[in-house]
Amino acid sequence: MGTRYGFRAAVALGVETTWGTPVVGTTYLGVISQDIIREITKRDTEVIPTNDSPITSALVCESDNSGGQIVIPLSFRGMGLVWKHLLGDSSTATDTPAVGANQHTYDTQILETEGITFKVCKGTERASPPNYIFEQFEGGIISRLGLSMQNQGEAKVTLDIIAETASARTSSTTAPTMSTTQITSIIDKCTSASATWNGTTYY
């Protein structure tokens with residue numbers, strides 16, 4: 001990862017009251033990598049002029065897609081919003097990392113209908129003081145989540161994001177406020193874990 005991207009690479013999540021209406025996310029989660037973008041595909045019109053007079057060339061929009069992947073460290077804390085929008089409301093939770101007990105139970109029948117605003121810090125511009133580059137995606141959902149664990153390194157979470165649209169990029173000299181809750185509870189090892197669905201434990 002390039003230094004200018006890696007420095008302060010982060011994403012803030014905010015729950016939208018009205019789907020597609022962006023809200024401000026104040027706490028940022030650290031990002032390992034991301035490729036979330038807005039991509040617009042256009043083509044020239046097939047209209048042919050009937051005389052020699054010049055005409056303004058028009059473009060036809062064929063697609064306008066927003067989304068991609070965000071990879072973040074897996075942590076015991078600071079990820080409640082991610083789990084809630086993927087799995088549903090948390091009906092019970094035991095969150096006591098000091099004694100090794102982190103158990104969360106979700107009711108998938110109670111699913112969130114609101115969208116999520118993802119505000120991604122894309123890195124910094126060459127300036128003094130640094131300009132932090134932001135891109136905001138609204139009307140977002142987490143369509144899929146993947147977990148990756150290995151003997152070395154921290155555990156990782158890959159989020160597949162689909163969004164309604166994105167705003168133009170902005171910059172600010174104010175650095176993102178990182179979540180100390182997430183950073184101090186990153187899972188760098190896991191001695192035991194299990195996943196249970198509808199009463200059946202799968203691993």
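How much of the chain counts as buried? Of its 203 residues, 31% do, where buried means under 20% relative accessible area, exposed over 50% and partly exposed in between (1.4 Å probe, protein chains only).

1. First, what you are looking at. This is a predicted model, in which local features need pLDDT of at least 70 and side-chain atom pairs count only at pLDDT 80 or more, while totals for chains, interfaces and linings use all residues. Residues are numbered from 1 along each chain as its sequence is written, and side-chain values use heavy atoms, with hydrogens and water left out.

2. The overall make-up. The chain has three helices and 14 strands; both are DSSP runs numbered from the N terminus, helices being H or I of at least four residues and strands E of at least two. Contact here means heavy atoms within 4.5 Å. Among the contacts with a separation of 6 or more, 63% are between residues 24 or more positions apart. As for the surface, the chain exposes about 12,600 Å², and carbon and sulfur atoms supply 50% of that; the areas come from the Shrake-Rupley method with a 1.4 Å probe, and for residues only the protein chains shown count as cover.

3. A nonpolar core is a set of buried Ala, Val, Leu, Ile, Met, Phe, Trp, Tyr and Cys residues joined through side-chain atoms within 4.5 Å. The largest one has 24 residues, and V11, I70, I72, F118 and L159 have the most contacts inside it. Two or more residues each come from β1 (10-15), β5 (59-73), α2 (80-87), β8 (116-125), β9 (131-148) and β10 (156-163). The largest share is that of β10, with four residues.

4. Leaving aside its neighbours within four places in sequence, F118 touches V11, A12, L13 and I70, among others. Its list of contacts also includes E135, Q136, F137, G140, I141, I142 and I161.

5. How is β10 paired? Two strands pair if DSSP finds at least two bridges between them. β10 runs antiparallel to β5, with eight bridges, and G67 stands opposite I162 in β10. β9 and β10 are antiparallel too, joined by seven bridges; there I142 faces I161 in β10.

6. Now to β1, which is mostly covered, with five of its six residues buried.

7. T17 and I116 are 99 residues apart along the chain, yet their C-alpha atoms are separated by 9.2 Å.

8. Which rings pair up, and how are they tilted? Rings of Phe, Tyr and Trp (its six-membered ring) pair if their centres lie within 6.5 Å, with planes under 30 degrees apart called stacked, over 60 edge-to-face and the rest tilted. By this rule the count comes to one aromatic pair. The pair is Y28 and F134, tilted, 6.2 Å centre to centre and 50° between the planes. Y28 is in strand β2 and F134 in strand β9, 106 residues apart. Y28 and F134 are both buried.

9. On the cysteines. A disulfide is a pair of cysteine sulfur atoms within 2.5 Å, and a search of the whole structure finds zero. C121 is buried, because its relative accessible area is 1%, whereas C61 counts as partly exposed because its relative accessibility is 45%.

10. V82, W83 and H85 are buried in α2. Just after α2, G88 takes a positive phi of about 120°. L87 and D107 are 20 residues apart in sequence and 7.2 Å apart in space, C-alpha to C-alpha. D107 belongs to strand β7 (residues 101-107) and is partly exposed, with a relative accessible area of 26%.
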